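Visitor: Please take one part of this model and look at it closely. Then connect that part to the rest of the chain.

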Amino acid sequence: MSKLVYNAVKCLECGQIIESMSQYDYKTCTCPNMAMVDGGLFYARYGARDMRMIEKIDIHDDDDYEIVRQYATRGSRGVNGDEPLTHIKLCDMNNGHLIAVLEYGAPEWHKNLILKEIAYRNVCMECELDSGHHKMSCSSRYNIKGDEI
Ligand SMILES: [Zn+2]
Ligand SMILES: [Zn+2]
């Protein structure tokens, strides 16, 4: 079963994209069409006065990964856990952050996304740089999965 990783609606009347970040995060646009979205990543509930004037943008973990990494996010409260919650897209996370999430632990579906991102970048297990930045001087020739880079 696929998992919802991004839940948003674009109102075609005002052009606003509204995203529901958590189960009871009910968002609306501000124009008379009153587009709404709700449910976070639990269920995609949406509506509008004129349903023909909205476009649903819901992304699932089994969609094309090139797309998934630009929408799926990781919630973070900073290094010490005391900052306001912010969401960072998988494609914008640095390698160290990805690895830290695996060490910290996450729900299975989220962990799988992080593993996909690490595989996508071909991150070196030693210097934690991706294949594009991995230095010739680095002693490791293997990525985190153990494949040669
Ligand atoms: Zn609107
Ligand atoms: Zn390296």
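Guide: His134 is in contact with Cys124, Cys127, Leu129 and Ile149, leaving aside its neighbours within four places in sequence. Contact here means that two C-beta atoms, placed from the backbone, lie within 7 Å. The model is predicted: local features need pLDDT of at least 70, side-chain atom pairs count only at pLDDT 80 or more, and totals for chains, interfaces and linings use all residues. Residues are numbered from 1 along each chain as its sequence is written, while chains are lettered from A and ligands numbered from 1 in the order in which they are written.

His134 sits in the segment after α3. Helices are DSSP runs of H or I with at least four residues, strands are runs of E with at least two, and both are numbered from the N terminus. Helix α3 covers residues 108–121, 14 residues in total. From first C-alpha to last, α3 reaches 20 Å, close to the 20 Å expected at 1.5 Å a residue. That expected span is 1.5 Å times one less than the number of residues.

The buried residues of α3 are Leu113, Ile114, Glu117, Ile118 and Arg121. They cover an arc of only 140° around the axis, so they lie on the same side of α3. The arc is taken from the directions from the helix axis to the C-beta atoms. Their cover includes β1 (4–11), α1 (65–71) and α2 (95–104). Asn122 follows α3, with a positive phi near 60°.

Now to β1. It belongs to an open sheet of 3 strands, ordered β2-β1-β6, with antiparallel pairing. Two strands pair if DSSP finds at least two bridges between them. The edge strands are β2 (17–19) and β6 (54–60), each pairing on one side only. β1 and β6 are joined by 7 bridges. Val9 stands opposite Lys56 in β6.

How far is His134 from Tyr6? The two are 128 residues apart in sequence and 31 Å apart in space, C-alpha to C-alpha. The domain assignment, automatic or from a database, gives domain 1 (4–60) and domain 2 (64–149). Their C-alpha centres lie 28 Å apart. Across the two, 4 residues of domain 1 are in contact with 6 residues of domain 2.

Technical notes
A residue is buried if 20 or more other C-beta atoms lie within 10 Å of its own, exposed if 12 or fewer, and partly exposed in between; C-beta atoms are placed from the backbone.
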